[in-house]
Amino acid sequence: MDMTGEYRIAVPRDVVWAALNDAEVLKTCIPGCEELEKTSDTTMEAKVVQKIGPVKAKFSGAIELVNIKAPASYTIIGEGKGGVAGFAKGSADVVLTEEADNTVLSFTAHAQVGGKLAQLGSRLIDSTAKKLANKFFDNFHDHLGNEGPLES
Amino acid sequence: MSTKIGDRVKRKEDKRFTTGKGKYTDDVRNDNQAYAAFVRSPHAHASVKGIDISGAMAMDGVIDVLNGTQLTGDGIGNIICGWAITSKDGTPMKMGAWSALATEKVRYVGDAVAVVIAETQALARIAAEAVEVDYEILPVVASTTAAMKDGAVTIHDCAPDNQIYDWELGDEAATDAGLAAATHVTTLDLTNNRLSPNPMEPRSAIATYDDAEEHYTLYTTSQNPHVARLVLSAFYQVAPENKLRVIAPDVGGGFGAKIYIYPEEITCLWASMKTNRSVKWTSDRSEAFMTDAHGRDHVTTAKMGFDADGKITGFKIDTVANIGAYMSLFSSSVPTYLYAPLMSGQYDIQNIHCNVRTYYTNTVPVDAYRGAGRPEATYVVERMMETAAREMGLDPAELRRRNFIQSFPHQTPVLMAYDAGDFPKILEMAQETADVAGFATRKAEAASRGKLRGIGYSTFIEACGLAPSKAAGSLGAGVGLWESAEVRVNPVGSIEVLTGSHSHGQGHETTFAQIVADRFDIPVESVSIVHGDTDKVQFGMGTYGSRSAPVGMSAVVKAMDKVEAKVKKIAAHALEASEDDIVIEGGQVKVAGTDKAMGWHEVGLAAYIAHNLPDGMEPGLKETAFFDPVNFSFPSGAFICEVEVDPETGKTEIVQFTAADDFGTIINPMIVEGQVHGGVTQGIGQALLEQVVYDDDGQLLTGSYMDYTMPRAADVPFYHVEHHETPSPNNPLGVKGCGEAGAIGSPPAVINAITDAIGNNDLAMPATPQAVWRAIQAASKSVAAE
């Protein structure tokens with residue numbers, strides 16, 4: 001399943017880029033994130049709790065940043081194992097464009113789930129994934145002290 | 001009061017079932033009980049790089065965590081497919097290795113990689129979550145379409161292009177010539193939707209190892225406990241047969257899914273030895289959806305040619321069947337020898353050719369499900385007949401009549417030699433019961449309410465009573481398909497029948513007792529049926545393929561023949577008469593035409609006291625027989641379905657369903673009607689509601705009853721069931737078998753009725769409201785475009 005979105009953020013691109021690479025910021029913004037630790041410049045380990053339909057699970061997973069073109073774009077890849085609940089993985093191509101003093105953040109995200117999550121929650125995956133992606137970027141946007149989304 | 005064949009005897013077993021006294025596998029609880037939970041792959045295709053059990057092992061109450069390397073290291077063999085199919089180029093089918101616990105690769109979502117043995121079921125499950133498996137994810141093929149593509153990932157190295165076999169039956173050149181000579185050719189692309197079997201009782205296994213005796217006991221949900229023991233012993237090397245007792249106690253429905261020996265039973269047996277504990281596993285419903293063998297899943301293109309008189313000139317079928325990730329026990333035979341030989345239907349067709357290709361996919365194995373191959377064949381034949389009639393402007397019943405086989409025996413071009421039947425008569429019965437003459441009036445009345453009313457036929461034949469062992473062997477079967485019985489007359493005259501058949505809903509405790517009561521003219525309460533325990537009952541082949549009556553009961557009859565002969569000798573000796581003059585009636589053994597008689601129980605007592613037996617006669621009254629049929633049995637039927645479709649919503653209501661069947665001799669009409677009701681309901685489920693869905697990544701999306709729709713009472717009408725009895729000439733009772741007919745015959749009748757109602761032959765199962773609505777829209781667009 002694929003999702004796209006776009007936000008206008010009223011801070012310069014370098015500030016947005018720095019935030020996108022800051023583990024503390026990501027931890028605050030990822031919905032349900034309980035722990036997030038940097039293991040290298042481009043990798044992190046996270047624990048995230050999510051409820052999708054009837055399945056609630058704690059995912060332990062790895063986050064990796066690839067295709068880094070500072071400060072313009074990167075791809076963030078996450079993969080989480082939820083024990084018997086199955087797994088979830090996703091990636092988002094994030095692009096930052098300068099527009100005067102503002103930054104336009106656009107993303108294309110892809111999500112996939114497996115195991116019990118797919119069996120029991122499949123009808124809810126699309127809407128949940130959209131909700132989570134939007135929640136993350138909303139949080140991120142708010143964190144940088146901005147108004148509501150331009151378009152999402 | 002004695003009971004006769006043909007009486008509506010109430011089911012003897014129902015008192016315990018309806019009062020909660022049934023004893024199922026999960027009800028068994030042993031001392032020293034431990035519980036198993038399986039660690040299953042959430043990925044459809046992946047390499048297993050490592051298994052970290054430390055977290056699970058650290059938990060209090062976890063006894064052990066075992067994996068596939070240990071299992072194969074202990075010499076436990078791979079799971080096999082028991083029917084060898086040869087491709088048309090002469091190469092054998094390509095059977096990939098299937099270990100009960102995966103070693104290097106997982107090949108479907110649910111494939112087990114490890115098992116946790118713990119003190120409680122809950123703890124076993126929690127610990128299973130703590131087992132960390134390192135998977136390297138591989139590309140997935142989740143459908144035959146994906147499996148056939150150039151460059152598709154290989155699932156088993158022995159089948160690089162995922163094809164298991166490319167098989168054919170019939171004369172292709174003659175069939176092509178028949179089609180070329182036709183004045184009309186009907187072509188259809190058909191899908192037989194993938195189904196989940198859903199027996200009410202999920203699978204369960206309890207294995208106990210006795211280290212002093214080096215002996216295993218397995219309670220399991222099996223339709224064929226002796227076959228399970230044979231396979232567990234001879235192929236999986238769990239233990240020699242004399243060191244392995246398999247018990248299938250009360251079993252709550254099978255529908256084919258409980259024929260096979262699954263990884264869980266094997267693992268529980270092995271784990272009971274490893275841990276020296278009794279190991280219990282019971283599937284939950286999610287596991288059942290993921291791991292019970294599915295049914296059907298065919299994609300077919302068929303062409304049927306007709307001459308100017310509407311006689312069939314040739315029938316050509318090309319089918320692709322999905323086998324799943326591994327070859328289950330009978331998986332190879334279902335789309336071949338249980339499918340193509342049925343393509344002649346009830347019709348005199350000289351030229352038939354059927355080509356079948358099967359493929360591995362990253363889905364749970366597919367095997368026999370109620371009807372097994374025959375519903376798939378019937379769906380093809382009967383959709384073709386109805387569609388052809390419409391295309392040629394003929395009444396569908398009339399087109400069938402023109403092609404019916406009229407004389408028996410009849411040899412088809414696809415192996416089968418039909419022995420008996422009266423197809424025009426059954427169709428006529430069905431048409432009368434369904435009041436086909438009044439259909440036009442009912443259709444007009446429905447139209448006045450804004451409903452589209454349609455009528456659809458299915459006149460079908462099945463090959464049941466699996467099967468003559470020699471014939472099965474010549475077609476590749478790894479086992480014989482006879483059945484056994486022992487009839488044990490006790491000293492007080494009551495009787496125990498030990499049968500190799502297994503009852504899991506069929507009512508054998510009633511019907512098997514009925515044939516004994518009928519034969520010896522004694523109360524049905526005096527007869528008990530013993531089955532399902534390899535320590536009690538002689539080897540038998542079990543229950544599937546509507547075989548318990550034609551094969552299992554026939555063995556009982558043969559054993560009763562021997563008992564009767566001995567009874568007559570004992571009575572003739574005691575009564576000083578000729579044994580030819582002895583008759584058994586009214587609870588007595590008498591000299592015909594005289595008042596000289598012994599009570600039935602007195603003969604039993606005489607046999608065991610042995611004070612006054614003929615010289616040289618062995619004491620006792622107990623006989624064993626094995627029956628191997630000379631042919632399949634061929635039940636046939638005519639089903640007529642009437643539906644009303646709401647054109648605004650596409651919702652279909654089945655308003656009338658008539659089933660006229662020829663099952664040969666009927667032992668108990670009430671039980672037979674129950675079988676028809678259940679079978680037709682399952683067929684309606686397939687036609688309207690049921691569909692297993694995997695996404696492109698091989699994730700099972702229909703993993704619960706929220707997403708997989710079973711038929712409910714409100715989805716089915718009150719059935720009209722009729723019988724016409726042409727006895728089978730190939731077994732002593734003349735019975736044919738009735739377990740599968742409903743599921744075999746009904747899906748095309750339902751779809752033919754809907755396509756008639758909506759005026760569009762292009763409709764696939766399941767005919768959900770959305771699918772029907774789309775077909776209505778497509779039909780109205782094509783009319784508008786003309």
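Select B:A36 and, leaving aside its neighbours within four places in sequence, you will find it in contact with B:V115, B:V116, B:I117, B:A124, B:C268, B:A271, B:V279, B:K280 and B:W281, where contact means that the C-beta atoms of two residues, placed from the backbone, lie within 7 Å. Before going on, note that this is a predicted model, in which local features need pLDDT of at least 70 and side-chain atom pairs count only at pLDDT 80 or more, while totals for chains, interfaces and linings use all residues. Residues are numbered from 1 along each chain as its sequence is written, and chains are lettered from A and ligands numbered from 1 in the order in which they are written.

B:A36 is, with B:V116 and B:V556, among the residues with the most contacts inside the largest nonpolar core, which has 278 residues. Such a core is a set of buried Ala, Val, Leu, Ile, Met, Phe, Trp, Tyr and Cys residues joined through C-beta atoms within 7 Å; a residue is buried if 20 or more other C-beta atoms lie within 10 Å of its own, exposed if 12 or fewer, and partly exposed in between.

Helices (H or I, at least four residues) and strands (E, at least two) are DSSP runs, numbered from the N terminus.

**Strand β14 of chain B and its partners**

Now colour strand β14 (residues 312–324) of chain B, in which 12 of the 13 residues are buried. Nine bridges join β14(B) to the antiparallel strand β13 (residues 298–306), with B:T300 having B:T319 as its bridge partner; two strands count as paired if DSSP finds at least two bridges between them. The hairpin of β13(B) and β14(B) has five residues between the strands, and there B:G310 takes a positive phi near 85°. With strand β15 (residues 352–360) of chain B, β14(B) pairs in the parallel sense over nine bridges, and B:D318 stands opposite B:N355 in β15(B).

**The sheet of chain A**

Turn to chain A, where an open sheet of seven strands has the order β1-β7-β6-β5-β4-β3-β2, with antiparallel pairing. Its edge strands, each pairing on one side only, are β1 (2–9) and β2 (33–38). Within the sheet, β6 (residues 87–99) and β7 (residues 102–114) of chain A pair over 13 bridges, and A:V95 has A:S106 in β7(A) as its bridge partner.

Helix α3 (residues 116–143) of chain A packs on this sheet, touching β1, β3 (43–52), β4 (55–69), β6 and β7 of chain A. Where does A:D126 have its place? A:D126 is in helix α3 of chain A, and A:D126 is partly exposed because 13 other C-beta atoms lie within 10 Å.

**Last stop: where the chains meet**

Finally, display the contact between the chains, which takes 12 residues from chain A and 13 residues from chain B. On the side of chain A that touches chain B, α3(A) gives the most, with five residues.

Notes:
Axes fitted to C-alpha atoms, helices over the stretch in contact; angles between N-to-C directions.
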